[in-house]
Amino acid sequence: MASHQPDRGQRGLPGGKPKYSAFAIAKKAMNYHQDWQRAWRDAAPKDEYDVVIIGGGGHGLATAYYLAAVHGMANIAVIEKGWLGGGNTGRNTTIIRSNYLWDESAAIYEHALKLWEGMTQDLNYNVMFSQRGVLTIAHSEHELREMSRRVHAIRLNGIDSEILGPAEIKKFVPTINIDQSIRYPVMGGFLQKRGGTARHDAVAWGYARAADDLGVDIIQNCEVTALRRERSKITGIETTRGFIKTPRVGCVVAGHSSVIAAMADIRLPLASRPLQALVSEPIKPILDTVIMSNAVHMYISQSDKGEMVLGAGVDKYNSYAQRGSFPVPEHMLAAAVELFPVLSRLRMLRHWGGIVDTCPDASPIISKTDVEGLYFNCGWGTGGFKATPGSGHVFADLIANDRPNKIAAPYDLNRFRTGLLIDEHGAAGVAH
Amino acid sequence: MLIINCPHCGPREESEFACGGEAHIARPLAENSISDAEFADYLFLRDNPKGLFLERWRHSAGCRRWFNIARDTVSHEIIEVYPMGALPRKKDALATHAASWRRDTAAEKAAERAAQKPAQKPARQKAAAKKAPGKRGGK
């Protein structure tokens, strides 16, 4: 795990970028903060790259960073049709946890969580990773029993997880309503203390800066229009900024995966759905953890700015519109107000939707394809943010070595033919 | 919020409906003779187009009947509502139906044959499935 952490010393990043530190802030203040270096270059596309990553979100930038940092590749480009982190990386509710039921899921999400724990140091960028705990609530006897089974499975995988009763929950989260008379009363819950939140933009920016430092070209406002192939082998990509020659393409475009796949006549078992979230006006601290509820489809945390951040399940029909329909937030807010009556007169500030690529078994696809040199990392559905570093780390390994490592292997596209699904629908801890 | 014109009840809000995903998927009739890949296509692969999409909906909080919709997944515009078992009439929707890779699957062809010649059903299905093992057209 430590192998990818280069020795930064005190001077700066390995590629020569000056180091961010409290001392640097004080020093730059003398000059009214006018001479900060750009965090990454605004690169123009070169004619040829060894690897092109399509998609400049957290997963794509992490992939590029680990390709450079772990696998020593230098000639890499990240192509983004909009701006960095403007897709689902900037549209999620930033929850991080690794308390999944199945071994395959535990392996990849725990791999990610361990990378989260060192990410700020690794990237020399404060991603504000806050291990404030993630508490998932059960609202019925049955759910509580299923939950304890899951907790045992999670603990067998060496991941921290514990069951709390209603009184313990009330002590942990004083603002919650544990009155047994409500429609979906709090019967108990399970807590992962190492879970928490991070600042989503900082993740994209931190990976972008560290990747750029290692020579990765980050090309924004550049949309892929076609994939060029010769005898089922990738030879390059057509973009809105011209043709780029490359033998290897890693596709990490979330909701648009099916669109890119269609350019190579590949069909993926994905459905693109809107996932909505909203934030309230900022208030004083009332919630210092993350609360999730599977049964009433709601999750809530409080940002460092004081906004309540809320999310729910996906909309029920396919869409590429980056907006959802109103019944979903209405349902989510009804659940939030019942569990937290203190929120009832809070005004909502912003509301948005992102397009997530959901898989039939609610697990991602990290896979080679029938086209040589074309790799897909998609299908993260509603839970991609938490996996960002782990996803990038194993995907970089897949691209560099042209074979999946132990963690990535179960996520092969072939599992839909062999039947070796990783069915996390009910077990994931949140509605998919 | 979509306003969906239920063919039986008239225009209602989307919260009364359930979406059943891609329409016009034929179940493979010759289950024993088709390949795993083809059965996986039937089970798991769903079209996920950016643009016009033909899908099934059910008026679950109303008449509870199924019907088909041709809807744009970017604008959310519903261009046609048509009954189960029928093809759309609008030109664009009909072209979407014809262009789908599913039209080339053995399952679909077997289903077509079965519909045309019900008397010779079992023998025909197996032959059709064997002729095109795992064929997935590039349309």
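How many residues of chain B are in contact with chain A, and how many residues of chain A do they meet? Select both chains of this predicted model and take a look: 27 residues of chain B are in contact with 24 residues of chain A.

**First stop: the interface.** Show the surface of both chains. About 2,300 Å² is buried between chain B and chain A, and carbon and sulfur atoms give 52% of that area. Now pick out B:Phe44, B:Asn48 and B:Lys50, the residues of chain B that lose the most area to chain A. Together they make up 30% of what the chain B side buries.

**Second stop: contacts across the interface.** If you look for salt bridges between chain B and chain A, the rule finds 0. For polar contact, the rule finds 14 residue pairs across this interface, both residues at pLDDT 80 or more.

Next, select helix 1 (36-44) and strand 4 (52-58) of chain B; each supplies at least two residues of the side that touches chain A. Helix 1 of chain B gives the largest share of that side, with 4 residues. Colour this side of chain B by class and you will have 13 nonpolar, 7 polar and 7 charged residues.

**Last stop: a sheet in chain A.**

Finally, zoom in on strand 10 (residues 234-239) of chain A, which 4 bridges join to the antiparallel strand 11 of chain A. Click A:Gly236, then its bridge partner in strand 11, A:Lys245.

Methods. Residues are numbered from 1 along each chain as its sequence is written. Chains are lettered from A and ligands numbered from 1 in the order in which they are written. This is a predicted model: local features need pLDDT of at least 70, side-chain atom pairs count only at pLDDT 80 or more; totals for chains, interfaces and linings use all residues. Side-chain values use heavy atoms; hydrogens and water are left out. Contact means heavy atoms within 4.5 Å. Buried area is the accessible area (1.4 Å probe) that two parts lose on being put together, summed over both. A salt bridge is a side-chain nitrogen of Lys or Arg within 4 Å of a carboxyl oxygen of Asp or Glu. A polar contact is a pair of N or O atoms within 3.5 Å; within protein, one must be able to donate a hydrogen and the other to accept it, and residues adjacent in sequence count only if both atoms are side-chain atoms. Ala, Val, Leu, Ile, Met, Phe, Trp, Tyr, Cys and Pro count as nonpolar, Asp, Glu, Lys and Arg as charged, and the others, Gly among them, as polar. Two strands pair if DSSP finds at least two bridges between them.
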